[in-house]
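Subject: A structure for you to look at

Hello,

I am passing on the structure we talked about, and my notes on it follow below. Please have it open while you read.

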Amino acid sequence: MDKKKRRFLMRSIILIVLFGAIFFTVYTTLTQDKNEVLKIGDNAPNFTLVDMHGDKHNLEEYKGQGVFLNFWGSWCKPCEREFPIIDRYYNEYKEKDIQVLAINIAESDFVVQNYIDRKGLTFPVLIDKNKSVMEAYNINPLPTTVLINSEGTIEKIITGEMKEQDIKNYMELILPD
């Protein structure tokens, strides 16, 4: 094969690959679900999930209370460090209409229940089995905590690990009037 034919063949292959990549990008962009990125002041998307005791939790049922919505995984070391502190403040603030809902991202009931038992957690732990709540809230990375006020509005979104004083301050932030 002479030089001109090889060059033509190489250019043709490169063009085919480029057109394929452009087609794939356009196709995936047009067909993917569009979830808006949530921000402070937005209404928190409603959801219903079941906790480890089989009780259903619908976010709208917590209107009038502050909700400390924590997304986590059992493999997450910052989550592990936060949970004892969150649990302690949950027990202190639950009488003041603060609710903690810990949403595990798609792990098995067995793994989550083992984790709860090991840590002695007392707040409701829910499993987002199909990641629909995680997607609605655009959660990435773990841990992420969404603070929701008594009107159902997002007050703050915290990504990453929280320290003890932060957790206390955040619970204070969402105290109902």
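**Two prolines in one loop**

Helices (H or I, at least four residues) and strands (E, at least two) are DSSP runs, numbered from the N terminus. The peptide bond that leads from Leu-142 into Pro-143 is cis, with omega near -5°. Pro-141 also lies in the loop between helix H4 (132–136) and strand E6 (144–148), and the bond from Asn-140 to Pro-141 is cis, with omega near 0°.

Asn-140 belongs to the loop between H4 and E6 too. Its relative accessible area is 66%, so Asn-140 counts as exposed (exposed means over 50%, buried under 20%, partly exposed in between, with a 1.4 Å probe and protein chains only). Between Asn-140 and His-53 there are 27 Å in space, C-alpha to C-alpha, and 87 residues in sequence.

**How to read the model**

This is a predicted model, in which local features need pLDDT of at least 70 and side-chain atom pairs count only at pLDDT 80 or more, while totals for chains, interfaces and linings use all residues. Residues are numbered from 1 along each chain as its sequence is written, and side-chain values use heavy atoms, with hydrogens and water left out.

**The chain as a whole**

The protein chain has five helices and seven strands. Starting at the N terminus, their order is α-β-β-β-α-β-α-β-α-β-β-α. The radius of gyration is 22 Å, well over the 16 Å that the globule rule gives for 177 residues, so the chain is more spread out than a compact globule. That radius is taken over C-alpha atoms, and the rule is 2.2 Å times the number of residues to the power 0.38. Along its principal axes, the C-alpha trace spans about 85 × 35 × 30 Å.

Buried residues make up 40% of the 177 residues. Of the contacts (heavy atoms within 4.5 Å) with a separation of 6 or more, 70% are between residues 24 or more positions apart.

**The cores**

What does the inside look like? A nonpolar core here is a set of buried Ala, Val, Leu, Ile, Met, Phe, Trp, Tyr and Cys residues joined through side-chain atoms within 4.5 Å. The largest one has 27 residues, and Phe-68, Trp-72, Phe-83, Ile-86, Phe-123, Ile-167 and Met-171 touch the most other members. Two or more residues each come from strand E3 (66–72), helix H2 (77–93), strand E4 (98–105), helix H3 (109–119), strand E5 (125–128) and helix H5 (164–173). H2 gives the largest share, seven residues.

Phe-83 is worth a click: leaving aside neighbours within four places in sequence, Phe-83 is in contact with Asn-70, Trp-72, Ala-102, Tyr-115, Leu-121 and Phe-123. Apart from this core lies another, of 21 residues, including Ala-44, Leu-59, Leu-126 and Ile-139.

**Two positive phi values**

Most residues other than glycine have a negative phi. Asp-97, in the loop between H2 and E4, has a positive phi near 65° and is partly exposed at 38% relative accessibility. Lys-131 is found in the loop between E5 and H4; phi of Lys-131 is also positive, near 65°, and its relative accessible area of 35% makes it partly exposed.

Enjoy looking around!
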